[in-house]
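Please open the model in a viewer and keep the sequence beside it.

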Amino acid sequence: MAILRVYGGGVGRLFVSAYERVMRSIPPLVLIFLLYFGIQTTVLEIPGFFAVMLALGFCSSGYQSQIFRGALESVGSGQMDAARSIGMSRLQAIRLVIAPQALRFALPSWANELATMIKDTSLAFVVGVAELMRRTDYVRAATFDPVIPFLIVAGIYFLIVFPITRAAGTWGQEKKRLVTGA
Amino acid sequence: MGAGEEATGDGCLTRVVSARDVWKSYGKVEVVRGVSFDVEEGTTTVIFGPSGAGKSTLLRCVNMLHPPDRGTVFLRDIDLMKTGSKISYYRSKFGMVFQHFNLFSHMTVLGNVMIGPRVVKKIPEDQAKAIALEALEKVRMKDWRNHYPSQLSGGQKQRAGIARALAMDPEVILFDEPTSALDPELIGEVLQTMLDLANEKKTMICVTHEMGFAKAVASEMIFMDEGAVVETGSPEHFFTNPTNERTQRFLSRLTELYGRHESGK
């Protein structure tokens, strides 16, 4: 997506930026409902799990495209010039020179986006997918205790997401080193 | 090889690069306006002039990094505007050294120098490595081969950049203000490397304001202003009696700025 946006010329750029704009402007919950109930009633039965997966996928891809676009652009035109000056084609340059560096630039923000998405999976609750949140709610219903189960589930989310944001921080340092050393 | 001395055979030198009426604009700004010049094998051509004169753009037109809008460039007898999809191949015949080095920051020095032979020429890994090490030896950077660009000084980066160009065994090396981004005390090592190459009779086109370097090795100098060639000639011509008034003004401004000449030795 991001490659299309940066190197894809007029049409590609227009398509991707429109896509990004739409996806980033719609709350994930709306998207989930739209896909789940919308497709359910018009086209075919889809399990809630797929609806949620699609919705979060669309939503997050809008953000991720933005992240990678920023990363690709931050690599700088000098790298492309240098790669092509030794005879690489545009594609070779993107694959061997631009993308590897962009990936390093993108990692911190990308990890943050991943964390956000993991937390957003709790939204699957609303369409009846038996994910972490819903299971916890079963426990609450069974035990009539709203505090402990939700505290535990908060802890579980924390345990999943913390290493990711932590890694994002470390990669951020790495990125700083790369930038200053360009 | 190595018969590139003054007059070979019938007294005709071999032309490696010929620019013919090159025009280039970005948007509405005409940056290069009808420039022509020839570069003979084994010689150094120095292009100089005020910033914004179109020197760097001209250099990028020469290797088709930014193809000219009008006019063309010949590499020997090949019209580069008519090479179509083979342009990448011909571009690899030009080495290019950049003002801001443009080393690939995710690769070691060795990786930077190897990738051209490896990927573009498809030379096997171990041979490509040998070629790269030889190029690094030439610029005295072999000991730094496992360092990343961020661990190097500007002068070292630039020498690595020169090695990257050399590893492709180019017919011509284009230098785009190779010392302009360097601290004064680091300029010497880069100029020395360039002098070595000139003395080895590598064909070079250098955009530079290092007049000491020009005096020492240039066989032809081109003064550009506002996208056009104002005056061409030998260093002797420029340093004794430049004819154009604009050239005179620019040269005296340069001496004012830099004082007695930086010799690069």
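Begin with chain A, whose elements from the N terminus on run α-α-α-α-α-α-α-α. That chain has 8 helices and 0 strands; helices (H or I, at least four residues) and strands (E, at least two) are DSSP runs, numbered from the N terminus. The model is a predicted one, in which local features need pLDDT of at least 70, side-chain atom pairs count only at pLDDT 80 or more, and totals for chains, interfaces and linings use all residues. Residues are numbered from 1 along each chain as its sequence is written, while chains are lettered from A and ligands numbered from 1 in the order in which they are written.

Next, colour chain A by contacts (C-beta atoms, placed from the backbone, within 7 Å). Of its contacts between residues at least 6 apart in sequence, 69% join residues at least 24 apart.

Now select the side of chain B that touches chain A. Here 23 residues of chain B are in contact with 21 residues of chain A. On chain B, α2 (87-91), β6 (94-97) and α3 (109-120) each supply at least two residues of this side, and α3(B) gives the most, with 4 residues.

Finally, turn to the domains of chain B, with bounds from an automatic or database domain assignment. Select domain 1 (13-93 + 172-248) and then domain 2 (102-169) of chain B. Their C-alpha centres lie 24 Å apart. The contact takes 10 residues from domain 1 of chain B and 10 residues from domain 2 of chain B. On the domain 1 side, helix α6 (residues 184-199) of chain B contributes the largest share, 4 residues.

How values were computed
Two residues are in contact if their C-beta atoms, placed from the backbone, lie within 7 Å.
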